[in-house]
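Please find below a note on the model under review. The coordinates are shown first, and the comments follow in numbered points.

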Amino acid sequence: AQASGNVSTCFDAWCKAMEEAKRQALQAERERLEAMQRAQYERAMGVWAQSSEKGLLREVLAAWHQHVSEEKMRQLIRTESRSRRAAVTIKSVTKLLKAEDVSVLHMFF
């Protein structure tokens, strides 16, 4: 019984140690990512501060072009979605009309 208790105590201690190691690894990774993000931000701010009016204009035009391209893609997707829905609707209505035609024929014959 005591051996079983010792094993249980050791297992609990090992589990806690593993949880702590995992927490520390996650914290270290979070700190590493934050440092990378800070460094990237500082580089970007340095580039921005040194950029000329021409460079800024290029960035604005590039962002505008990307926005227009994305909007065109969204519009195309919306149009395709509407076309698919319209095709499904037409198909359903056609089936319904065919079914009604058959039932009208059965009424008369």
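Predicted model: local features only at pLDDT ≥ 70, side-chain atom pairs only at ≥ 80, totals over all residues.

1. Residues are numbered from 1 along each chain as its sequence is written, and side-chain values use heavy atoms, with hydrogens and water left out.

2. The chain has 2 helices and 0 strands (DSSP runs: H or I of at least four residues for helices, E of at least two for strands, numbered from the N terminus). Of its 109 residues, 1% are buried (under 20% relative accessible area; exposed is over 50%, partly exposed in between, with a 1.4 Å probe and protein chains only).

3. The structure contains 5 salt bridges (a side-chain nitrogen of Lys or Arg within 4 Å of a carboxyl oxygen of Asp or Glu). One of them joins Arg23 to Glu20 at 2.5 Å, N to O; these residues lie 3 apart in helix α1, and are therefore separated by about one helical turn.

4. Arg32 pairs with Glu29, with the closest N and O atoms 2.6 Å apart. Arg32 is partly exposed at 42% relative accessibility, as is Glu29 at 33%.

5. A network of salt bridges links Glu70, Glu71, Arg74 and Arg78. Within it, the closest N and O atoms of Glu71 and Arg78 are 3.2 Å apart.

6. Tyr41, Met45, Trp48, Leu56 and Val60 make up a nonpolar surface patch (residues with over 30% relative accessible area and no salt bridge; nonpolar side chains, namely Val, Leu, Ile, Met, Phe, Trp and Tyr, are joined within 5 Å, like charges within 9 Å). Helix α1 supplies the largest share, 3 residues.

Note on methods: Areas by Shrake-Rupley, 256 points an atom, 1.4 Å probe, with all protein chains shown as cover.
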